[in-house]
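Please find below my note on the model you sent. It is arranged as numbered points.

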Amino acid sequence: MKRWFAALGLAWLCAAAVSAADADPLNSVRWPDLQREYLGNAPVSFDPRIEVLAPKVAEDSMNVPVTVRIKGLPDVKRVLVVADFNPIVKVLDFQPLIAQPGLSFRIKLQQASPVRALVQTGDGRWLAGGAWVDAAGGGCTAPSTGRGAPDWAQKLNQVQGRVWKDGQNQRLRLRIMHPMDTGLAPGIPAFFIEQLAVVDDKGAPMLKLETFEPLSENPVFSFDLPDLGQDALRVVGRDNNGNRIDARVLP
Amino acid sequence: MKTPSRARLILALCAAVTAFAAQGDAAFDYRLQPVKIADDTWALIGSTEDITRGNGGNIVNTAFVVTRDGVVVIDSGPSLRYGEQMRAAIARVTGQPVIRVFNTHHHPDHFLGNQAYRGVPIAALPATRAGEHSDGGAFADNMYRMAGDWASGTEAQVADEDVRPGRWSAGGHEFELIALEGHTAGDLAILDRSTGTLFAGDLVFLDRAPTTPHASVPRWLATLDALARLGAKRTLPGHGPVHEGLAGIDMTRDWLRWLDQTLAQAAGSGMDMAEVMRMPLPARFERMPLARSEFERSVTHLYAAYEQRAMNSAAQPVLQQK
């Protein structure tokens, strides 16, 4: 019986070794689980063209800035951002469509963790990059700060934004007023933006993303889009209570 | 044969553990060396590093002035152990009792030694006392996280009286207690007119990047101008070497102006935080201790306000929630 178990264990180990294409350069014990859960155990190559820029130490666990920078990697269809040791792992799931595949945002961290960008290209392959961020922690279980202000509900889903143009491309920066409650602070249910898109004059999406609880309160984003000469960009989306986001950002 | 060898192994292990524990106690010695910087005046100069398990948080300058009536202490250091060892260091210099402790501001490396001065009046500005009260617990936890067992037993003890700004004399020394702000909401600078020594707290840094977790850059810059007008003979900065003249004030002002311009330009050109953190430092700051890490921290502390101003050309809401 014992021997049978040992054989089974060995077989499982071999299978694990085969399915993990690359060893995790961030050396995190959570990686095999994440690979199974989010990528169906598809092989992943860790690729230097995918960079996650983040501070080595999070000075503020409620607002850890992250930039995903992807250079020289064509045909990116999807960028899935995860934080291994957060109680809620998934941060966002980005479809760049006609936008550039890199983006910036801010997250809450519950403890020190790798932050990873898992990138799928048009041929279905997965590539990844990431960085460790040390953190004093507690970012996910603290109540949002804006709840203390009496007018937070009036400001809900208001968008501030600005566009910078360089002739060919435009950078869009957005701040959306939302508590982004994780549901992990006692007595405060999860309340967060779930979907966002930037659409053109005719309503066709230029980029889309699904967003999750770990994004910081009043989330801030930066996207890089081609400049197609529109008068304004329109930002649409909704939170998990069905409240709409709809705003025009003038250049 | 088996049993005796195992017994020997256990004995050896016990010996090793005991030796390690004994070494551990000796290792929590900050080796504080009072340096005489003026008549009756000594400073304990910390390193210009970040807080680590190696330095136990001794990254700060503290000081004491031996007057005829007793010893005046300026800042109590980063931990209970530091406070205790500071008192022992004072006792090696003078038999006089400590009659008064001042906390220059509420940052952990400057006041978490207060516990060692139980029974001595500890004074601070009202804003400093409020900060010690609200942030002290988290500061003590974080000190333990960063410095490890150096900080064991350390708890925030809030200063027990308000500083009354103005002249204050003790045992033949004429002190000017100056209520300022900028590095935090309450920064106490102490000028000893008898020796011309300015105890600047963290309003002044030298050869070490300034820190900004509770800073207002415009107020801090105004405060530096006020400090420069005092005409002190020598300045003990909160971090960095004691010096004559304005070197510390000038360097701190240079850093803050550069920081302000850099963040304003970055926000105006649409950069995001993590990108700003990667920006190159000017050559004059490149080799300054902690320049890169303090710049990164300052981006976290300050950038959101610059970004907010840059984005305030507000988007037009087409439709609010249904």
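1. A remark on the source of the coordinates comes before the rest. This is a predicted model, and the points that follow should be read as a description of that prediction.

2. Chain B has an open sheet of 7 strands, in the order S1-S2-S3-S4-S5-S6-S7 and with mixed pairing. At its edges stand strand S1 (35-38) and strand S7 (161-162) of chain B. Each of these has a single partner strand, so one side of each is left without a neighbour in the sheet.

3. Within this sheet, strand S3 (residues 62-67) and strand S4 (residues 70-74) of chain B run antiparallel and are joined by 5 bridges. B:Thr67 has B:Gly70 in S4(B) as its bridge partner. Helix H2 (residues 80-93) of chain B lies across S3 and S4, and also across strand S2 (41-44) and strand S5 (98-102) of chain B. The helix runs at about 35 degrees to S3(B).

4. An open sheet of 6 strands is also found in chain B, ordered S8-S9-S10-S11-S12-S13, again with mixed pairing. Here the edges are taken by strand S8 (166-170) and strand S13 (243-244) of chain B, each with a single partner strand, so one side of each lacks a neighbour in the sheet. Strand S9 (residues 173-180) and strand S10 (residues 187-192) of chain B pair in the antiparallel sense over 6 bridges. The bridge partner of B:Glu176 in S10(B) is B:Leu191.

5. The contact takes 41 residues from chain A and 33 residues from chain B. Between the two chains, 14 residue pairs are in polar contact, both residues being at pLDDT 80 or more. The side of chain A that touches chain B has 18 nonpolar, 9 polar and 14 charged residues.

6. Which salt bridges cross this interface? The rule finds 7 of them between chain A and chain B, while the count over all chains comes to 30. One joins the side chains of B:Arg297 and A:Glu59, at 2.8 Å from N to O. B:Arg145 also forms a salt bridge with A:Asp134, with the closest N and O atoms 3.9 Å apart. That pair crosses from helix H4 (residues 126-147) of chain B to strand S9 of chain A.

7. Strands of chain A that each supply at least two residues to the side touching chain B include strand S2 (50-53), strand S9 (126-135) and strand S14 (220-226). A:Asp224 is found in strand S14 of chain A. The side chain of A:Asp224 is joined to that of A:Arg171 by a polar contact of 3.0 Å. Apart from neighbours within four places in sequence, A:Asp224 is in contact with A:Ala99, A:Gln100, A:Gln170 and A:Arg171.

Note on methods:
Residues are numbered from 1 along each chain as its sequence is written. Chains are lettered from A and ligands numbered from 1 in the order in which they are written. This is a predicted model: local features need pLDDT of at least 70, side-chain atom pairs count only at pLDDT 80 or more; totals for chains, interfaces and linings use all residues. Side-chain values use heavy atoms; hydrogens and water are left out. Two strands pair if DSSP finds at least two bridges between them. Helices (H or I, at least four residues) and strands (E, at least two) are DSSP runs, numbered from the N terminus. Contact means heavy atoms within 4.5 Å. Axes are lines fitted to C-alpha atoms, for helices over the stretch in contact, and angles run from 0 to 180 degrees between N-to-C directions. A salt bridge is a side-chain nitrogen of Lys or Arg within 4 Å of a carboxyl oxygen of Asp or Glu. A polar contact is a pair of N or O atoms within 3.5 Å; within protein, one must be able to donate a hydrogen and the other to accept it, and residues adjacent in sequence count only if both atoms are side-chain atoms. Ala, Val, Leu, Ile, Met, Phe, Trp, Tyr, Cys and Pro count as nonpolar, Asp, Glu, Lys and Arg as charged, and the others, Gly among them, as polar.
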